[in-house]
Amino acid sequence: MNLVLYDAARCPYCARVRIVLAEKDVEVEVVEIDLRNRPAWLYEKNSTGRVPVLEEDGNPLPESAVIMEFLEERYPQPSLLPPDPADRAFARLQIHRADELTDPYYALRRGADGGREQLEAALGQLDDALGRRPFLGGGEYGLVDVAYVPWILRARDMLGVELGGFSSLAAWLARLEERPAVAAEAGIVAAL
Ligand SMILES: N[C@@H](CCC(=O)N[C@@H](CS)C(=O)NCC(=O)O)C(=O)O
């Protein structure tokens, strides 16, 4: 199968896909898209003109959450969703609600009033969740962690958000950064 990822290094949605591909050790051809000067043909692959788009044998698939689930089904090992349907539904719900983190992240990034406070409140919620369970999706590392970690890395390394006050979140991030797939993404963020 021929896989192509239309990618942008700075894009956290693309990072979700990069991390899943790395976790599953899937080979992919990467086409870097300049988001300030997007090629017109990208709209033929995704009507919104956004990245990521993953193309398998010429069939383009946009939307990072959908791509992550596609990769989970196409390459089931190692599994990044729990086996029980109720646990999978819980994981999907967390991914669906990631805008509770990303909205405040973008508010801070564009300098909106109260952006930092909103992001810190969202980080507090994640910290509480990680005080109750070791990973965002439950007992095991998986797609939910992958869905959130790109913004946490960028908040820390690009927006200068101090994570020290969120001890469970900081410990979770340290555990994730031990994984080569997440460490590689941290390297991409450091080079931006
Ligand atoms: N819902 C999409 C969002 C993707 C997205 O917003 N990508 C950004 C880059 S981080 C983009 O392509 N922006 C260009 C634009 O908005 O025109 C997903 O999850 O894949």
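Where in the structure is the place of Asp25? Asp25 sits in the loop between α1 (12-23) and β2; point 5 returns to this residue.

The model is predicted: local features need pLDDT of at least 70, side-chain atom pairs count only at pLDDT 80 or more, and totals for chains, interfaces and linings use all residues. Residues are numbered from 1 along each chain as its sequence is written, and side-chain values use heavy atoms, with hydrogens and water left out.

1. Sheet. An open sheet of mixed pairing is formed by four strands in the order β2-β1-β3-β4. Its edge strands, β2 (29-32) and β4 (59-62), each pair on one side only. Two strands pair here if DSSP finds at least two bridges between them. Helices (H or I, at least four residues) and strands (E, at least two) are DSSP runs, numbered from the N terminus. Strand β1 (residues 3-7) runs antiparallel to β3 (residues 53-56), and four bridges join them. Within this pair, Tyr6 has Val53 of β3 as its bridge partner.

2. Cysteines. Zero disulfides are found in a search of the whole structure, a disulfide being a pair of cysteine sulfur atoms within 2.5 Å. For Cys14, the closest cysteine sulfur is that of Cys11, at 3.5 Å, which is too far for a bond. Cys14 is buried, with a relative accessible area of 0%, and Cys11 also counts as buried, at 7%. The classes are buried for under 20% relative accessible area, exposed for over 50%, and partly exposed in between (1.4 Å probe, protein chains only).

3. Helix packing. Helix α6 (residues 115-132) packs on helix α8 (residues 167-177) at an angle of about 75 degrees, with the axes 7 Å apart. This makes the two helices, α6 and α8, roughly perpendicular. On the α6 side the contact is made by Leu123, Leu126, Asp127, Leu130 and Gly131, and on the α8 side by Ser167, Ser168, Leu169 and Trp172. By class, the contact has five nonpolar, three polar and one charged residues. Axes are lines fitted to C-alpha atoms, for helices over the stretch in contact, and angles run from 0 to 180 degrees between N-to-C directions. Angles under 35 degrees count as roughly parallel, over 145 as roughly antiparallel, 65 to 115 as roughly perpendicular and the rest as oblique. Contact means heavy atoms within 4.5 Å. Ala, Val, Leu, Ile, Met, Phe, Trp, Tyr, Cys and Pro count as nonpolar, Asp, Glu, Lys and Arg as charged, and the others, Gly among them, as polar.

4. Leu143. This residue belongs to helix α7 (residues 143-157) and counts as buried, at 1% relative accessibility. Leaving out residues up to four places away in sequence, Leu143 touches Val20, Met68, Glu72, Leu80, Leu81 and Ile95. Arg88 lies 55 residues from Leu143 in sequence, and the C-alpha to C-alpha distance is 9.9 Å.

5. Backbone points to check. The peptide bond from Val51 to Pro52 is cis, with omega near 5 degrees; Pro52 is in the loop between α2 (42-45) and β3. The bond from Gln77 to Pro78 is also cis, with omega near -10 degrees, and Pro78 is in the loop between α3 (64-74) and α4 (85-96). Asp25, a residue other than glycine, has a positive phi near 55 degrees and is exposed, at 70% relative accessible area. Asp57 is not a glycine either, and its phi is positive at about 45 degrees. Asp57 is in the loop between β3 and β4 and counts as partly exposed, at 45% relative accessibility.
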